[in-house]
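These notebook entries record what I looked up on side-chain contacts.

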Amino acid sequence: MGKTLSIEDVPGHAEFVALGAIDGIRTDLRYATTANFVGADMYSPFDCEWLHRDAAQALAKAATILAARRPDLELLVLDALRPQRVQERMWSALEGTGLTEYLANPARGSIHSFGMAVDVTLALRGGPELDMGTGFDDLRDLSHPALEEGFLQRGDLLPEHVSNRQLLRAVMGEAGWLGIRTEWWHFDGGNREKIRADYFRVL
């Protein structure tokens, strides 16, 4: 499995940075609430407001880029470090539903479990989230960046929705983050295989 670290040992560890120490972002971890696709608080009693220091640096860079481009907006982090044992609970909750395509199999490990992925959206500074056409964890094709053009042509997504998503992708991409085809909110902090090989997996 490579290098591992318990979630209880993350606070104070040299390779991890608290979300609260990253300038220019707000946090609202949805898996610490019931406002997620499992419908349950998945994080208590764990403290999951952390990222690997490499991801934290890249997220701070994205926040700086956004502030220069749109000073009225800020990044709102919806998920960051997700321990392996939580990933296993989520997988078990969804097994057999057809929704596991939206989760990394715990056997391989989610990039969230290395503190090297974020779920993030745009919000007015100190205010509400921008309208992205779907909410976070809306596991329909409408959330897929790869299908946006077709939905735009059919009117299922509005130009405003796609423009907001494109701004998020541009800001994150310029800071080195990699989006995926199926969730407009998810970004990886580098090559997945390299992350799995070189970084701590948090259990």
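Over which ring does the charged end of Lys 3 sit? I found the charged end of Lys 3 over the ring of Phe 200, 4.5 Å from the ring centre. I note for all entries that the model is predicted.

**Entry: salt bridges**

I next looked up the salt bridges, and the structure holds 17. Side chains of opposite charge can pair when their charged atoms come close.

I looked at Asp 28 and Arg 30, whose side chains meet in a salt bridge at 2.9 Å, N to O. Asp 28 is partly exposed, at a relative accessible area of 31%. Arg 30 has a relative accessible area of 11% and is buried.

I then turned to Asp 79 and Arg 82, which form a salt bridge at 2.7 Å, N to O. Is Asp 79 buried or exposed? Asp 79 is buried, because its relative accessible area of 0% falls under the 20% cut-off. Arg 82 also counts as buried, at 4% relative accessibility.

I looked up Arg 125 and found a salt bridge between its side chain and that of Glu 74, at 3.8 Å, N to O. This pair links distant parts of the chain, 51 residues apart. Arg 125 lies in the loop between β6 (117–124) and α3 (148–154), and Glu 74 in strand β5 (residues 73–79). Arg 125 is partly exposed, with a relative accessible area of 43%, whereas Glu 74 is buried at 6%. I also noted a network of salt bridges that links Arg 26, Glu 74 and Arg 125.

**Entry: aromatic pairs**

How many aromatic pairs are there? I recorded a count of five aromatic pairs. Tyr 31 and Phe 37 are both buried.

I then looked up Phe 136 and Trp 185, whose ring centres are 5.5 Å apart with planes at 70 degrees, so this pair is edge-to-face. Phe 136 lies in the loop between β6 and α3 and Trp 185 in the loop between β7 (178–179) and β8 (186–188), so the pair ties together parts that are 49 residues apart in sequence. Phe 136 is buried, as is Trp 185.

Lastly, I looked up how the rings connect. Ring pairs join Tyr 31, Phe 37, Tyr 43, Phe 136, Trp 184 and Trp 185 into a cluster.

Conventions
Residues numbered from 1 in each chain as written. Predicted model: local features only at pLDDT ≥ 70, side-chain atom pairs only at ≥ 80, totals over all residues. Heavy atoms only, no water. Salt bridge = Lys/Arg side-chain N within 4 Å of Asp/Glu carboxyl O. Buried < 20%, exposed > 50% of the residue type's maximum accessible area, 1.4 Å probe, protein only. Helix = DSSP H or I, 4+ residues; strand = E, 2+ residues; numbered from the N terminus. Phe/Tyr/Trp six-rings, centres within 6.5 Å; stacked < 30°, edge-to-face > 60°. Lys NZ or Arg CZ within 6 Å of the ring centre and 35° of its normal.
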